[in-house]
Amino acid sequence: MLTAQQALDHLLSHAKPVEESESISMQATLGRVLAENVSSLVDVPPLDNTSMDGYAVRTADTQNSGSILRIAQRIPAGSVGIQLEPGTAARIFTGAPIPPGADAVVMQEDCAVPEGVTDQVQVNIAPVSGQWIRRRGEDLSAGKMALTAGTYLRPQELGVAASAGLTHLNVKRRVKVAAFFTGDELALPGEPLKPGGIYNSNRDTLLACLRSLGCDATDLGIVPDRLDATRAALRKASKDHDLIITSGGVSVGEEDHIKPAVNAEGRLDLWQIAIKPGKPLAFGAVRKSDEPKEGEAWFIGLPGNPVSSFVTFLLFVRPFILKLQGREAKLPQSYLMRADFDWLKADRRNEFLRVKINAVGGLDLFPNQSSGVLTSASWGDGLVDCPPGQPIKKGDMVKYIPFDALLK
């Protein structure tokens, strides 16, 4: 069996970022991936300015505490002052440009205005040159790179782009993913359940995961457990998509048609991965047409058990999609945390246990770790990455991966 890292490395060695991009309004780029480096159009800030409300002064006039200066001008944000003459100060407000001649700002809490006097200020703490001054271009200078290609655009990146004077950004097109689900026992919520039937939870879980990653996700529904139906679904999915995701049918039973279907429509590797939950994983590609120049759509087949499907998506499909998007593709950082539980029946596989942070900063374990109990993932807020053959005793430090990091 492959280790989780071996399987991930193999997947990522095949993934290539989509090439197409589009220029769109910056306000529409949230959650998209930058396709090219962008540089600032302006200096940020455009002028030396104050980071405090207070008084702009010359340090030559304020070498001793208690110096009294004449207030010669008032500079609110959005205004530009005049030359600061010796022996004078400028009343100044946060964000306002530093007047010529001034080399420091004294915040108003360190000053006093003598009683009954409106045009003088007493500087009670001698400033140093440069104090409370934000220099022109200290954040960005005109022509300097503001954001790099491959950046996932969050609200803070949009703020940087706006401060740089940009109105449009060139972003990668969305990765297009088709998903379908196999199993004659499956029904959609709202439909009557036949004897032996179950509702398809993987459909909503996986489509939500895809959309949370910014994918253009197409739901092709439930496909009957027949080879011809599975092949037809693969041909339909391959036409306009970069990746096909399936759930179920990747074992070796008589009703598991994914392997022969993908082999007939393309090529397939069927792996046994040394993880729990989520042992079977299929990877390959499906031809878009009989013309080789039309290319292929990647294929990843996930197990059918709900927790297995969810965990293998997080561990393998998510990084694969990140690379297709042109983003950094690796598992999120894990954190050492204290286990407040015993897990003494160590498995020979790498286990991913559903846990939740408790009120005293430790980790509690969901009591039923079965791959069919999806409530364990809803109850929990992350996974413990438990190495093969390693039991966990209460008080041990373990590797914790939060769901928030795996789902963003």
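A161 is buried (under 20% relative accessible area, with over 50% counting as exposed and partly exposed in between, for a 1.4 Å probe and protein chains only), its relative accessible area being 0%. The model is predicted, so that local features need pLDDT of at least 70 and side-chain atom pairs count only at pLDDT 80 or more, while totals for chains, interfaces and linings use all residues. Residues are numbered from 1 along each chain as its sequence is written, and side-chain values use heavy atoms, with hydrogens and water left out.

A161 lies in helix α2, residues 155-163 (helices are DSSP runs of H or I with at least four residues, strands runs of E with at least two, numbered from the N terminus). Apart from neighbours within four places in sequence, A161 is in contact with M26, L147, L166 and L169, contact meaning heavy atoms within 4.5 Å. Between A161 and V38, which are 123 residues apart in sequence, the C-alpha to C-alpha separation is 8.4 Å.

Six strands form an open sheet in the order β7-β4-β6-β5-β9-β8, with mixed pairing, where two strands pair if DSSP finds at least two bridges between them. The edge strands, each pairing on one side only, are β7 (104-107) and β8 (111-112). β8 pairs with β9 (residues 120-123) in the antiparallel sense over two bridges, and the bridge partner of C111 in β9 is V123.

Helix α4 (residues 227-239) and helix α5 (residues 258-265) have axes that come within 9 Å and cross at roughly 50°, the axes being lines fitted to C-alpha atoms over the stretch in contact, with angles from 0 to 180 degrees between N-to-C directions.
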